[in-house]
Amino acid sequence: MCLGVPGRVVEVNGLVALVDFWGTRRKVRLETVDQPVQPGDYVLVHVGFAIRRIPEEEVAETLAFYEQLIHMAEEADLMSADVRGEIDAADTGEQP
Amino acid sequence: MKPRSDVHPWQRLEFRDPEKVQALRATLHRLCRDLAEPISVMHVCGTHEQSIARFGLRSLLPRNLNVIMGPGCPVCVTDMPEVDEAVVLARQGITIATFGDMYRVPGSVQSLAEAKAAGADIRIVYSPWDALRLARTLDRDVVFFATGFETTAVATAAVILSDPPSNFSVLSAHKYIPPVMEIIAEMPDTRVQGFLAAGHAATITGWKIFERFVQRHQIPVVVGGFEPLDILAALVQLVELIRAGTPRVVNAYPRCVTPEGNLQAQRLLWEVFEPVGGTWRGIAHIPNGNLRIRDRYRMYDARYRYDIDLDELLREAPPRLIYECICGDIMAGIASPYDCRLFGKECTPQNPVGACMVSSEGTCKIWYEYGGHIIIDDRASSME
């Protein structure tokens with residue numbers, strides 16, 4: 001529940017961003033992020049809200065861990081399930 | 001670093017940078033070699049425990065370094081009367097939206113899952129925003145039963161500030177982490193000598209918030225990330241501070257945590273919520289540990305809008321008392337799941353007795369899934 005998952009911003013429309021999480025695209029709310037967000041930025045997302053824009057030089061380091069959890073772990077793995085849950089928390093509705 | 005063939009299946013995942021892991025482990029062993037007394041440190045985050053248990057990190061630690069999980073699972077510390085309030089509202093015909101983890105947590109008489117089986121309308125949501133959208137599509141009242149620490153409360157605050165429809169309100173069971181650290185530090189039985197603070201909660205609050213705690217209790221705090229390397233690096237810093245007797249706050253997760261934190265998120269959080277005292281299930285009354293919706297937003301506060309009569313619920317059936325569950329001691333760091341007579345027997349994820357076995361962030365569920373101590377590397381034991 002305190003897990004944030006990083007994703008790449010594809011498109012910004014007001015307070016909503018379309019964010020790509022390893023191929024899964026979701027709408028993310030931007031009310032809660034304290035820096036301007038543009039396409040290409042990476043943001044840390046928790047329960048469908050961006051809580052931090054990840055500095056460019058930190059992106060690779062941040063992504064690596066989650067990639068492991070998403071691609072290498074079994075479906076039923078507790079921690080991977082929480083990561084996927086965070087991705088699912090973002091809005092699947094209409095495009096921004 | 002090859003896992004043994006007979007390890008728990010989850011631990012087939014290898015460390016991303018085995019050399020760094022070995023170096024950090026060697027440093028920890030060197031730092032702990034000549035300690036007069038064992039050291040106990042506490043983390044307060046379900047995700048930390050998932051990572052520690054999943055990657056078998058305890059098996060890499062020196063035997064005299066004890067890493068315990070404190071009250072880091074928001075679902076687990078949600079008090080039973082808070083679940084009861086949601087059940088009462090559900091039985092009044094109000095739609096309850098809540099996170100999946102909360103669904104099966106036992107209340108005094110019923111869980112929300114049992115209320116649903118008896119005909120109530122309970123919806124599982126992943127995000128507070130889903131609850132808001134649900135209210136917009138339904139022509140009945142929707143209450144979002146909101147659990148989670150400050151990281152999640154920020155999202156609830158943003159929803160309340162988004163001009164929700166009049167059929168939407170929030171039953172807040174949100175909790176605030178810094179005050180519970182004070183209480184744990186003062187518990188005589190716990191003897192925690194250092195705290196590993198949760199990286200994503202600190203993304204919101206910033207790391208400077210822990211300075212007053214360190215000053216008051218002379219206990220060091222290291223803010224850490226969730227990857228095995230992050231956790232080991234934070235433990236090295238924590239043990240160094242404990243050994244040197246120089247308590248201070250160290251930020252070992254600078255890629256997500258800044259001194260002041262996310263000021264925009266803090267503005268939303270404190271605009272909507274105020275800290276008030278409340279009971280954390282199984283632990284204690286925590287002054288300033290609960291987040292209450294301020295009066296200026298009380299039209300969105302379910303406790304203001306509805307008459308929630310718990311007595312009526314409790315009259316209907318005697319509260320089921322969980323006599324033998326030791327969740328409280330586990331979350332206070334006094335006991336481990338292996339000390340519980342029910343663990344893995346009467347109490348399992350399929351049939352949970354206590355909340356710690358329900359949530360994916362509960363110590364008992366995590367240990368049930370991953371084990372508490374698993375040796376994943378032969379060298380781990382031979383190097384001790």
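Chain B holds 18 helices and 11 strands, where helices (H or I, at least four residues) and strands (E, at least two) are DSSP runs numbered from the N terminus. This is a predicted model, in which local features need pLDDT of at least 70 and side-chain atom pairs count only at pLDDT 80 or more, while totals for chains, interfaces and linings use all residues. Residues are numbered from 1 along each chain as its sequence is written, and chains are lettered from A and ligands numbered from 1 in the order in which they are written.

**Overall form of chain B**

- The radius of gyration of chain B is 21 Å, which agrees with the value near 21 Å that a compact globule of 384 residues would have; the radius is taken over C-alpha atoms, and the globule rule is 2.2 Å times the number of residues to the power 0.38.
- Along its principal axes, the C-alpha trace of chain B spans about 65 × 45 × 40 Å.
- Of the 384 residues of chain B, 55% count as buried, a residue being buried if 20 or more other C-beta atoms lie within 10 Å of its own, exposed if 12 or fewer, and partly exposed in between, with C-beta atoms placed from the backbone.
- Among contacts in chain B between residues at least 6 apart in sequence, 76% join residues at least 24 apart; two residues are in contact if their C-beta atoms, placed from the backbone, lie within 7 Å.

**Domains of chain B**

- Chain B is divided into domain 1 (9-72 + 178-261), domain 2 (75-177 + 262-316) and domain 3 (327-370), with bounds that come from an automatic or database domain assignment.
- The centres of domain 2 and domain 3 of chain B, taken over C-alpha atoms, are separated by 24 Å.
- In chain B, 9 residues of domain 2 are in contact with 12 residues of domain 3, and the largest share of the domain 2 side, 3 residues, comes from helix α3 (residues 74-77) of chain B.
- That side of domain 2 of chain B divides into 5 nonpolar, 1 polar and 3 charged residues, where Ala, Val, Leu, Ile, Met, Phe, Trp, Tyr, Cys and Pro count as nonpolar, Asp, Glu, Lys and Arg as charged, and the others, Gly among them, as polar.

**Contact between the chains**

- The contact takes 39 residues from chain B and 36 residues from chain A.
- Several helices of chain B each supply at least two residues of the side that touches chain A, including α2 (46-54), α7 (128-137) and α13 (263-272).
- The side of chain B that touches chain A divides into 20 nonpolar, 13 polar and 6 charged residues.
- In α7(B), the buried residues include B:Trp129, B:Leu132 and B:Ala135, and the buried residues of α7(B) pack against β3 of chain A together with β3 (95-98), β5 (142-148), α8 and β6 (168-174) of chain B.

**Local features**

- Helix α4 (residues 80-91) of chain B has 12 residues and reaches 16 Å from its first C-alpha to its last, close to the 16 Å expected, the expected span being 1.5 Å times one less than the number of residues.
- Buried residues of α4(B) include B:Glu82, B:Glu85 and B:Leu89, and just after α4(B), B:Gly93 takes a positive phi of about 95 degrees.
- Strands β10 (residues 273-280) and β11 (residues 284-293) of chain B pair in the antiparallel sense over 7 bridges, pairing requiring that DSSP finds at least two bridges between the strands.
- B:Gly278 stands opposite B:Ile286 in β11(B), and in the hairpin of β10(B) and β11(B), which has 3 residues between the strands, B:Gly282 takes a positive phi near 75 degrees.
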